[in-house]
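Work through the exercises below with the sequence and the coordinates open. Each task is followed by a solution in steps.

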There are 2 protein chains.
Amino acid sequence: MNSSLIQKLIIPAETKIVMLVLDGLGGLPREPGGKTELETARTPNLDELARQSNLGLTIPVAPGITPGSGPGHLALFGYDPIQYEIGRGAMEALGVDFELGLDDLAARGNYCTVDQSGLITDRRAGRIGTNVNQALSCLLSSIKIENAEIFIKPVKEHRFAFILRAKGLDDALSETDPQKTGMAPLPVYALDEKSIKTAGLVNQFIACAQKALVDQTAANMILLRGFARLPAVPTYQEMYGLRAAAIAVNGMYRGVARMVGMQVLSIEGQSLGDQFTTLENNWGEFNFFYLHVKKTDTFGESGDFDGKVNAIEEVDALIPRLLALKPDVVIVGGDHSSPSVMKSHSWHPVPLLIYSPYVRADGLAEFGERTCIQGSLGIIQATHIMPLALANALRLTKYGA
Amino acid sequence: MNSSLIQKLIIPAETKIVMLVLDGLGGLPREPGGKTELETARTPNLDELARQSNLGLTIPVAPGITPGSGPGHLALFGYDPIQYEIGRGAMEALGVDFELGLDDLAARGNYCTVDQSGLITDRRAGRIGTNVNQALSCLLSSIKIENAEIFIKPVKEHRFAFILRAKGLDDALSETDPQKTGMAPLPVYALDEKSIKTAGLVNQFIACAQKALVDQTAANMILLRGFARLPAVPTYQEMYGLRAAAIAVNGMYRGVARMVGMQVLSIEGQSLGDQFTTLENNWGEFNFFYLHVKKTDTFGESGDFDGKVNAIEEVDALIPRLLALKPDVVIVGGDHSSPSVMKSHSWHPVPLLIYSPYVRADGLAEFGERTCIQGSLGIIQATHIMPLALANALRLTKYGA
């Protein structure tokens, strides 16, 4: 899909689109010949919606490719996940809800221990408690570097997110973790000309961090890897002319949504019902809503087939609240598959449903992997969802005369 | 699709291909759960043909994109409609059956009225009658510009096609229509270096036109927009080794066909039956026939569901005359969908049928949107039709050893 073509065809409209993302939605049967999690779940509301919709399956990145959450979501949002890569450090910072900007360089950090000669004795500092991490991160946050800002955000155990903010940073940097004990942490090397200044700033910070931690017993050194800046993507407003809102509990999804210019709404409470309440309360303010359901993936990744079934049923029970808002277009899909029998993300195409008054409804009886194969959308790249959603929302004008 | 690959694999053959295009073929049900126009139509002949054919659906440009007739037809003819764009001015000239060539620059023209200070009082000159338009266009046609030819072709009411013919023209030009009254028409500006000479010629013409119209009461000025040259496309002979003929009543379709090197046949009469008679009379002379049915789109765009159903049934009744010619390959498809409930072109995939003695027939019971979903062609880009037609006509040799 030529995204500049879409941009040229955008027309103003009052229609509203809801994209409901069940993380890791696609699954596999518990045993050969059985049903998947989605096929097993009792989903009367999704099934009724499916009958009036177009069904299909999406390939998030490419056939056979298992996507992480970053590329999975970028594709759902209509951005080529190979062109726009969100590096590991940036994902770590987004994951703790840090408002990462285009002047920021992020990295994954570990607290570690070194001996008197500076050689690593434990790369994870015995997986220190998160409370210890918080205290150490507070210490490191006070480090001052000229013409730059430093942010240290605890993740959990020994992990933290490192963010360096300054003009003109670049992220072609080598990592400091030698990946084994008995060696000293490596300095950061610039891997291209443009990153030399950045490497200098990071090494300056590491030297300060070493001093700041020298008397600490739990951990007395840090390791940094996965240096990354955010890719500069056109926003939802620029690409689609949409005022978009994100309703997601977890930082990473909030971060990716913020990166594409969505307004990330605050949610009172942590339940799925609270997310739907947020949708209702903000209905008048936006014309695109991304609502992210995390549990389906969590259960998939932990291998809990029944848990994932229940999570899907919980979503189904909330569908009437969504439909009561009378959205013009409803998308139900996932960023990737997470079959509970695999306990991980997978490459399997992901069920997709597109509802609008303008679909040539397939009339298929239920929303499931195998009915989706028969759907009229076919098996499509996930990046095609947004153009289809915009078309169904009558937000695209004709191409050519 | 790599069109140079197709070009390399072309082999001589005596087989004949007929591409029957029902303009705006795809539709939507009149009410939810109902049948589309094609599904409603009684089409015993198309259904019988469908049983012996491959069915599928085509995407003319890209998912969600609603194509104009130009891109819709380029895709059917096997040309990437994003690579080859036919600008609005060129479409206007083709629409009045002007034999636009590669040395021509075309634009959409409006007759308008200006006051004594030259400010526009009516951008459409009160939608003057076509007869008045003809007289004014005759006046403008007599304007002489050095080293260039001018053609002015009336369209209807206040609209005309402007064609400038000269060597080395380019079309990166700004428009003269300020889009509101109370302002003077704008001069044409060259938007790049290569178009400077062309801008000069057009401005020279506009000055002459102003003088020529000064004493006219119905309209005393012109506005030009959508400047465009034809894209230089390889011909059907060059691409496919085909001697191709076009049987179309309306200028625009005749024009696009001429652009790809088809011979545009003259038709005695205006009925669909007359088009089939033309096919019969020229059967021996060509090995590819494009036969264009306009009515399906006309009824779709005017919102006449039953009219579109009748138009499809009228085509169906003529299918035996087509089959009696014993074509080797028959394609039945459309350039885009025009659901009568939307009264416009749309993005919905378009039903497709490919018949030849070499298809692995799907055995589906009828030709309709929902049977096509089950067809073995799947949902394909419309640009794939021509390679499939050529293969079925045994006109493509093996790729590689």
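## Exercise 1: a helix pair in chain B

H10(B) passes H12(B) in a right-handed crossing; a crossing is right-handed if the near helix is turned clockwise from the far one by less than a right angle, and left-handed if anticlockwise. Helices (H or I, at least four residues) and strands (E, at least two) are DSSP runs, numbered from the N terminus. The model is predicted: local features need pLDDT of at least 70 and side-chain atom pairs count only at pLDDT 80 or more, while totals for chains, interfaces and linings use all residues. Residues are numbered from 1 along each chain as its sequence is written, and chains are lettered from A and ligands numbered from 1 in the order in which they are written.

Task: describe how the axes of H10(B) and H12(B) are arranged and which residues meet.

Solution. 
- Step 1. Two packed helices are described by the angle between their axes and the distance between the axes.
- Step 2. The axes of H10(B) (residues 272–281) and H12(B) (residues 305–324) come within 10 Å and cross at roughly 15°. Axes are lines fitted to C-alpha atoms, for helices over the stretch in contact, and angles run from 0 to 180 degrees between N-to-C directions.
- Step 3. That angle makes H10(B) roughly parallel to H12(B). The cut-offs are under 35 degrees for roughly parallel, over 145 for roughly antiparallel, 65 to 115 for roughly perpendicular, and oblique for the rest.
- Step 4. From H10(B), Leu272(B), Gly273(B), Phe276(B) and Glu280(B) meet Glu314(B), Val315(B), Leu318(B), Arg321(B) and Leu322(B) of H12(B). By class, this contact has 5 nonpolar, 1 polar and 3 charged residues. Here Ala, Val, Leu, Ile, Met, Phe, Trp, Tyr, Cys and Pro count as nonpolar, Asp, Glu, Lys and Arg as charged, and the others, Gly among them, as polar.

## Exercise 2: helix H9 of chain A

Task: state how many residues of H9(A) are buried, what they pack against, and how H9(A) lies relative to H5(A).

Solution. 
- Step 1. A residue is buried if 20 or more other C-beta atoms lie within 10 Å of its own, exposed if 12 or fewer, and partly exposed in between, with C-beta atoms placed from the backbone.
- Step 2. The buried residues of H9(A) pack against helices H4 (69–76) and H5 (88–95) and strands E8 (244–247), E9 (263–264) and E10 (288–293) of chain A.
- Step 3. H5(A) and H9(A) have axes 7 Å apart and pack at an angle of about 110°. The two helices are therefore roughly perpendicular to each other.
- Step 4. Met91(A), Leu94(A) and Gly95(A) of H5(A) meet Gly251(A), Met252(A), Gly255(A) and Val256(A) of H9(A). This contact divides into 4 nonpolar, 3 polar and no charged residues.
- Step 5. Val256(A) counts as buried because it has 30 C-beta neighbours inside 10 Å. Val256(A) and Gly70(A) are 186 residues apart in sequence, yet their C-alpha atoms are 7.0 Å apart.
- Step 6. After H9(A) comes Gly261(A), with a positive phi near 90°.

## Exercise 3: domains and chains

Task: which domains does the assignment give for chain A, and how many residues of chain B are in contact with chain A?

Solution. 
- Step 1. An automatic or database domain assignment supplies the bounds: domain 1 is 3–85 + 233–392 and domain 2 is 90–228 of chain A.
- Step 2. The centres of these domains, taken over C-alpha atoms, are separated by 35 Å. Their contact takes 7 residues from domain 1 and 7 residues from domain 2; two residues are in contact if their C-beta atoms, placed from the backbone, lie within 7 Å.
- Step 3. On the domain 1 side, H9(A) gives the largest share, 6 residues.
- Step 4. Between the chains, 27 residues of chain B are in contact with 20 residues of chain A. On the chain B side, H4 (69–76), H5 (88–95), H13 (369–373) and strand E13 (378–381) give two or more residues each. That side divides into 16 nonpolar, 8 polar and 3 charged residues.

## Exercise 4: a loop residue

Task: is Asn147(A) buried or exposed?

Solution. 
- Step 1. Asn147(A) lies in the loop between helix H6 (130–141) and strand E5 (149–154) of chain A.
- Step 2. With 9 C-beta neighbours inside 10 Å, Asn147(A) counts as exposed.
- Step 3. Asn147(A) is not a glycine, but its phi is positive, about 60°.
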